[in-house]
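Here is a short report for a reader meeting this structure for the first time. Please look over the sequence and the model before reading on.

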Amino acid sequence: MTIEIKKFGNILMSRPAGKEAFAAAKSYVLLGLALTADQPQEIVLDFAGVDVLAPSWADEFISGLKDLYKGAKISYLNTDNESVKASLAILSKNNL
Amino acid sequence: MRNFTKKEELFKWLQLAKVEQVLDPACQYNSRDVFQAKLDNIYQATKNPLMVAVAGEIGNNAFDHNLGNWRDISGVYFKHFMDDRLIVIADRGRGVKKTLGNIVPGIKSDKEAVEIAFTKTISGRSPEQRGNGLKFVAEAVKRNNWELFFQSGTGLVKIENGTMSFSESSAVINGCLAVLKY
């Protein structure tokens, strides 16, 4: 499954905003999966159209996904934006 | 630290044990929402995603760690000097040593506290998985050859020419002060 991150906003910063985005995703975007009880093998996060990403937002959102779908591979698309690249790099360095 | 308008006034304001007024109402952002709106504007003006993310991490840290616990004035002082490519962010919060003291007992000095904050993945808000923010800031500043001056209490962090150093200042900052040259 692919999640279009730009649907949560173009400038994605702060932990409360990331937490809120994950809560919304869980209730609506991921609802179909929960209803069919499917555990996705892979979740693709597509950052096309995101202007600014800070690690706090990304940490809350990705940690939430990892807790919900333990074992699923999370991969990233369209990460050319400097802030997206740097945020994902620091999280990956710290094993998120 | 680089020169900027009202530098001396800001420094003095942060050194006072107690204040009753904001330094400049036009630069004071009392809630995370208005701070975010300001950063949105700065992004539109500069189209610099990494600088906005760095400023956001520093400013949002102030809200993360001081909500309900500000020393006297709530929120952050924030000023962007567009022509000078300079950002100043300050808060009159608890400061790094007190914040980290919740989770790392026995921190002896402000210098040790800022060194932990900028180099170790640890946060005062344990058990939440936090503590990446200032490491992200340091990485971005070093990689892009920007400059950062950060002080909390007497603990001083400088990043210049891709190198980060820690020292003790003779002056005390109540809360945190960050000056970013990008």
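Two residues are in contact if their C-beta atoms, placed from the backbone, lie within 7 Å. Contacts in that sense link two helices of chain A. Arg15(A), Ala17(A), Gly18(A), Lys19(A), Ala21(A), Phe22(A) and Lys26(A) lie on the α1(A) side. They meet Ser56(A), Trp57(A), Ala58(A), Asp59(A), Glu60(A), Phe61(A), Gly64(A) and Leu68(A) in α3(A). By class, this contact of α1(A) with α3(A) holds seven nonpolar, three polar and five charged residues. The model is predicted.

How do the two helices lie? Helix α1 of chain A covers residues 15–29, and helix α3 of chain A covers residues 55–68. Their axes come within 7 Å and cross at roughly 35 degrees. The crossing of α1(A) and α3(A) is right-handed.

**Chain A as a whole**

Chain A has four helices and five strands. Along the sequence they follow the pattern β-β-α-α-β-β-α-β-α. The C-alpha trace of chain A spans about 35 × 25 × 20 Å along its principal axes. A compact globule of 96 residues would have a radius of gyration near 12 Å, and chain A has 12 Å, so the two agree. Of the 96 residues of chain A, 32% count as buried. Now take the contacts in chain A between residues at least 6 apart in sequence: 90% of them join residues at least 24 apart.

**The sheet of chain A**

Three strands of chain A form an open sheet in the order β1-β3-β5, with parallel pairing. The edge strands are β1 (2–4) and β5 (73–77) of chain A, and each pairs on one side only. On average, neighbouring strands of this sheet are turned by 25 degrees against each other, direction ignored. Strand β3 of chain A (residues 42–46) runs parallel to β5(A), and five bridges join the two. Across this pair, Ile43(A) stands opposite Ile74(A) in β5(A).

**The sheet of chain B**

Chain B has an open sheet of five strands, ordered β1-β2-β3-β5-β4, with antiparallel pairing. Its edges are β1 (28–29) and β4 (147–160) of chain B. Each has a single partner strand, so one side of each is left without a neighbour in the sheet. Two bridges join β1(B) to β2 of chain B (residues 76–81), and the two strands run antiparallel. Tyr29(B) stands opposite Val76(B) in β2(B).

The table sets them side by side.

| Helix | Residues | Strands involved | Angle |
|---|---|---|---|
| α2 of chain B | residues 32–46 | lies across β1 and β2 of chain B | about 10 degrees to β2(B) |
| α3 of chain B | residues 49–66 | touches β2, β3 (86–91) and β5 (163–181) of chain B | about 5 degrees with β3(B) |

**Where the chains meet**

How many residues of chain A are in contact with chain B? There are 21, and they touch 21 residues of chain B. On the chain A side, α1, β4 (52–53), α3 and α4 (82–93) each supply at least two residues. Which element gives the largest share of that side? The answer is α4(A), with six residues. By class, the side of chain A that touches chain B has 10 nonpolar, seven polar and four charged residues.

Conventions:
Residues are numbered from 1 along each chain as its sequence is written. Chains are lettered from A and ligands numbered from 1 in the order in which they are written. This is a predicted model: local features need pLDDT of at least 70, side-chain atom pairs count only at pLDDT 80 or more; totals for chains, interfaces and linings use all residues. Axes are lines fitted to C-alpha atoms, for helices over the stretch in contact, and angles run from 0 to 180 degrees between N-to-C directions. A crossing is left-handed if the near helix is turned anticlockwise from the far one by less than a right angle, and right-handed if clockwise. Ala, Val, Leu, Ile, Met, Phe, Trp, Tyr, Cys and Pro count as nonpolar, Asp, Glu, Lys and Arg as charged, and the others, Gly among them, as polar. Two strands pair if DSSP finds at least two bridges between them. The radius of gyration is taken over C-alpha atoms; the globule rule is 2.2 Å times the number of residues to the power 0.38. A residue is buried if 20 or more other C-beta atoms lie within 10 Å of its own, exposed if 12 or fewer, and partly exposed in between; C-beta atoms are placed from the backbone.
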